[in-house]
Amino acid sequence: MLKFFDSSYSCKVLIELPITNDDYIMLKSLFSKNYISWSLEFGRVYSVDSNILNLLYDEIYGNNKNISIITHKNKLNRYFHKMGFKTTFKSLIKDDVLDIEKIEIVLVGGSADSSPKIIDIIKSIEFKNISLVIVQHIQIGKDYIFNDVLKEYTNNKIFYCYDGMKIEKGYIYLAPSNKHLKVVDGFFYLSDENSYNGAKPSISISYESFSNYYKNRLLVIQECGYANDGVDKLKLLKENDSKLIIQTEKECSAKSMVTKASVIKIHDYILSIKDIIIYITILNKNLTKDGWIEYLLNMVYKRYDYNFKLYYNDMLRRRIDIFMTKYNISSVKNMVAIVLFNRSVFKGFFLEISINVTELFREPATFKNFIKIIEKNYKNRHNIKIWSAGCSSGEETYSIAIILDKLGLLEKSIVYATDFNCVIVEEAKNGIYANKSFLIAQDNLDTIGFEIKLDNYFRKNSCFIEINEKIKEKTMFFQHNLIEDSSFNEFDIIICKNVIIYFERELQERVFQLFYDSLKFGGYLIIGEKETLLESFSENFLQSEYNSNIFKKVS
Ligand SMILES: C[S@@+](CC[C@H](N)C(=O)[O-])C[C@H]1O[C@@H](n2cnc3c(N)ncnc32)[C@H](O)[C@@H]1O
């Protein structure tokens with residue numbers, strides 16, 4: 001999707017996904033016009049294809065066009081940099097959703113149908129570092145009953161507010177009926193004014209008073225209820241920099257309060273009660289940096305099904321620091337809330353911490369044995385099917401294809417390549433690498449002792465190298481998760497290097513089972529040089545004569 005705005009001398013182009021061939025043609029035609037400068041802004045775009053990279057290269061380096069590139073996704077920024085382009089990264093995270101560190105009071109406003117949600121909050125959280133104030137429309141005479149009910153669910157102290165009562169951390173406070181609840185200098189103040197919005201206590205009056213006093217130290221939770229009390233003061237919350245979470249409409253039988261609140265569109269989040277509880281839990285927690293990282297990894301596993309728990313080491317800590325600096329996030333606690341509650345930030349986090357290190361002809365000793373296996377066992381086969389699993393940006397896959405070509409076997413071969421990271425799969429399809437990759441490849445080939453003229457396989461320019469079409473045509477890249485997804489073909493050889501090293505035993509069991517199911521009888525499984533086969537598979541895979549990381553399927 002491409003939009004542009006131009007004047008007689010400059011052109012600003014905004015690019016969002018999906019980027020179609022028509023967008024590419026349009027971009028090309030914009031570069032052919034006589035502007036003095038072009039500004040390209042990539043929105044929620046994580047990768048670009050080789051056509052765009054080549055077009056930018058030709059225009060910037062070939063035609064000396066004055067083109068500035070702005071990216072909003074760190075991953076794309078890094079990719080451009082690797083390929084020799086100068087870019088500017090601007091985070092899309094709104095500064096005002098960031099700072100939850102300061103919040104010290106949570107004010108829940110609700111009416112009909114809000115009690116079960118409030119009970120859920122109270123029974124799930126032990127309030128320590130923040131206080132909870134509940135302003136509900138409750139029938140006169142029934143309020144003291146609610147107090148008794150709540151006490152059954154919590155060890156926290158619960159009080160009905162009285163005039164002049166000091167507000168303290170770790171306590172739960174209820175607004176009494178027939179008075180409006182306000183705050184003055186950190187003390188409750190009960191007012192006898194007339195009903196407002198037909199209510200007393202009025203949620204609007206409390207929102208106004210608490211937000212004016214606490215400003216960015218206040219989080220309001222808008223719960224279910226009929227009518228619209230509270231809604232007319234939501235804009236004021238925004239002006240005061242107070243935070244607002246709205247209970248998701250589908251969990252309310254009395255919907256009008258939350259529906260009207262969400263229409264104003266100034267909320268930070270609309271969440272289920274389960275997520276509201278997680279959010280308040282984060283606010284209420286005080287952990288060390290390591291404690292927060294451990295909490296985050298556990299929650300990421302639960303919410304997004306990605307298990308990074310074993311990545312937990314110095315490298316992960318360093319990557320998290322880089323992620324926070326890039327996204328301008330001030331504290332680990334903020335980072336945890338942002339990653340857990342913003343899917344697109346989670347994607348950035350995932351891309352920052354996943355380990356994609358790879359190179360052309362990496363682990364040359366293994367490639368040397370791979371060549372021997374092919375020459376001895378596969379030269380006379382009609383077809384050869386190879387799976388490069390956990391292929392990262394594709395260097396391993398293209399190395400395999402280049403070797404097959406050099407041995408004269410590429411025509412009858414196909415190399416399937418998979419990774420669970422969809423952005424890295426797009427990069428792999430491009431087959432474009434920084435120039436220094438060429439030198440690394442040459443070094444590794446020298447170690448293997450296999451003579452290949454790399455110039456036959458890569459097109460070179462002053463910034464990057466690009467794998468040729470003949471090799472690309474024989475490789476197929478797609479997203480596949482070794483833990484979640486099933487077998488998709490039967491292969492002669494499976495190469496999965498430097499992937500299972502990050503998995504705990506239970507996950508390794510699943511992956512070896514998948515490889516067993518996906519390999520032909522007599523086929524070869526090649527793992528990384530630092531990786532080992534699980535004992536439980538020693539009857540299925542026999543260590544080959546070639547090397548300790550190469551196995552033959554024997555049963
Ligand atoms: C360190 S790279 C190894 C790349 C290449 N095999 C090599 O040895 O050079 C590990 C790759 O495994 C991928 N990966 C990690 N967990 C995965 C999973 N569950 N399913 C598929 N790929 C995974 C990562 O995205 C990453 O690209």
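This is a predicted model: local features need pLDDT of at least 70, side-chain atom pairs count only at pLDDT 80 or more; totals for chains, interfaces and linings use all residues.
1. On the overall architecture, the protein holds 19 helices and 24 strands, and its C-alpha trace spans about 90 × 70 × 35 Å along the principal axes. Of its 555 residues, 38% count as buried. Among contacts between residues at least 6 apart in sequence, 74% join residues that are at least 24 apart.

2. The chain is divided into domain 1 (2-93), domain 2 (105-281), domain 3 (287-341) and domain 4 (364-553). Between the C-alpha centres of domain 3 and domain 4 there is a distance of 31 Å.

3. Helix H17, which covers residues 436-448, has 13 residues and reaches 19 Å from its first C-alpha to its last, close to the 18 Å expected at 1.5 Å a residue. In H17 the residues Ser437, Ala441, Leu445 and Ile448 are buried, and they lie on the same side of the helix because they cover an arc of only 75 degrees around its axis.

4. The buried residues of H17 pack against helix H14 (364-378), strand S17 (432-434) and strand S19 (464-467), while the face turned away from the buried side carries the exposed residues Lys436, Leu439 and Asp446. Just after H17, glycine 449 takes a positive phi of about 80 degrees.

5. H8 is followed by lysine 265, which has a positive phi of about 60 degrees although it is not a glycine. Lysine 265 sits in the loop between H8 and strand S14 (269-271), and it counts as exposed because 8 other C-beta atoms lie within 10 Å, where the cut-off for exposed is 12 or fewer.

6. Aspartate 113 is another residue other than glycine with a positive phi, here near 70 degrees, and its place is the loop between strand S6 (105-110) and H4. Aspartate 113 has 19 C-beta neighbours inside 10 Å and therefore counts as partly exposed, since a buried residue needs 20 or more.

7. In helix H4 itself (residues 115-124) lies aspartate 120, which counts as partly exposed because it has 15 C-beta neighbours inside 10 Å. Leaving aside residues up to four places away in sequence, aspartate 120 touches Ile273 and Ile277. Aspartate 120 and glutamate 535 are 415 residues apart in sequence, and their C-alpha atoms are 46 Å apart in space.

8. Two cis peptide bonds deserve a look. The bond from leucine 17 to proline 18 is cis, with omega near -5 degrees, and proline 18 lies in the loop between strand S2 (10-15) and helix H1 (21-31). The bond from lysine 200 to proline 201 is also cis, with omega near 10 degrees, and proline 201 is found in the loop between strand S11 (187-191) and helix H6 (203-214).

Conventions: Residues are numbered from 1 along each chain as its sequence is written. Domain bounds come from an automatic or database domain assignment. Helices (H or I, at least four residues) and strands (E, at least two) are DSSP runs, numbered from the N terminus. The expected span of a helix is 1.5 Å times one less than its number of residues. The arc is that of the directions from the helix axis to the C-beta atoms. Two residues are in contact if their C-beta atoms, placed from the backbone, lie within 7 Å.
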